[in-house]
Amino acid sequence: MRIDLHLHSTASDGGLPPGELVRAAARAGLDVIALADHDTTAGVGEALRAAEGLLRVVPALEVSTTEQGSEIHILGYFVDPEHAALREHTRAAAARRTDRIHAMLQRLRALGIHISLDDVLAEASGSTGILGRPHVARALVRHGYAPTLDHAFDQYLGDGRPAFEPMDLIAPSHAIELIHLAGGLAVWAHPPLDGVEPEARRLAALGLDGLECFRPRVPPDDARRLRELARGLGLLVTGGSDWHGAWSGALGAFHVTPEEVPDIAERAGL
């Protein structure tokens, strides 16, 4: 059984609509996926409907947070996608993200790069207002200001680059509470390999449920080290590709097995 617990759709900054993503995942040989769009569950309903007879969809989202100037992303698995608290979070997050995009476009204009909000929105069709840097990057590529998405980030949009704009986000503790309120499990997404243990311990004390240990470009020894850390802290072990589109590589090229994520597999009834 092939599992990928971290996929994005056009409900946030992914490249495929939720239904198409489900069908593409099935064609790629995946049996279980989690739709984990940024700060929204708007695509979950469509994904669940498309999944009938094809594969299993875990309803999820990825909540963006900040702590002492650093971004920490918390995945929420098995949430109620219609929970009122999640809907309110999505509304507030969409407003913050739009304000950030305006600020980034202003920074780009100061660099002689003229991209409008409409240009960004054209790259975010179906995103339900959850705008992100990938939408700006795609607009830069489409209008000839960057040859590739990687170049757009490296030259303009990446952390510390000239058009980067930090965003005031909720705290990780708030994200964990939000996910629990919606009936879900809170998992630290793509934790860094350096200095992970003290932060994992702190988040575990705040109620964190799991650690994303298996993901692309993480060497097997490091993945095993993360898994042992998670087990030592009593946390669930998860894994996913963080797939956004073709630029992320081939869908299905990365997967985990029920043996690697046994607690999540059991929760999913596998």
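This is a predicted model: local features need pLDDT of at least 70, side-chain atom pairs count only at pLDDT 80 or more; totals for chains, interfaces and linings use all residues.
**Entry 1: α1 against α2**

Two packed helices are described by the angle between their axes and the distance between the axes. For this pair, the axes come within 7 Å and cross at roughly 40°. Angles under 35 degrees would count as roughly parallel and 65 to 115 as roughly perpendicular, so I've put α1 and α2 down as oblique to each other. I also checked the hand of the crossing, and α1 and α2 cross in a right-handed way.

Next I listed who makes the contact. α1 brings Pro 18, Gly 19, Val 22 and Arg 23, while α2 brings Glu 46, Ala 47, Ala 50 and Ala 51. Sorted by type, the residues of this contact come out as five nonpolar, one polar and two charged.

**Entry 2: positive phi**

Most residues other than glycine have a negative phi. I went looking for exceptions and wrote down two.

Asp 39 has a phi near 60°, which is positive though the residue isn't glycine. I found Asp 39 in the loop between β2 (32–35) and α2. Buried or exposed? Asp 39 has 2% relative accessibility, so I logged it as buried; the cut-off for that is under 20%.

His 190 is another non-glycine residue with a positive phi, near 30°. His 190 sits in the loop between β5 (185–188) and α8 (196–205). With a relative accessible area of 29%, His 190 goes in my notes as partly exposed.

Notes: Residues are numbered from 1 along each chain as its sequence is written. Side-chain values use heavy atoms; hydrogens and water are left out. Axes are lines fitted to C-alpha atoms, for helices over the stretch in contact, and angles run from 0 to 180 degrees between N-to-C directions. Helices (H or I, at least four residues) and strands (E, at least two) are DSSP runs, numbered from the N terminus. Angles under 35 degrees count as roughly parallel, over 145 as roughly antiparallel, 65 to 115 as roughly perpendicular and the rest as oblique. A crossing is left-handed if the near helix is turned anticlockwise from the far one by less than a right angle, and right-handed if clockwise. Contact means heavy atoms within 4.5 Å. Ala, Val, Leu, Ile, Met, Phe, Trp, Tyr, Cys and Pro count as nonpolar, Asp, Glu, Lys and Arg as charged, and the others, Gly among them, as polar. Buried means under 20% relative accessible area, exposed over 50%, partly exposed in between (1.4 Å probe, protein chains only).
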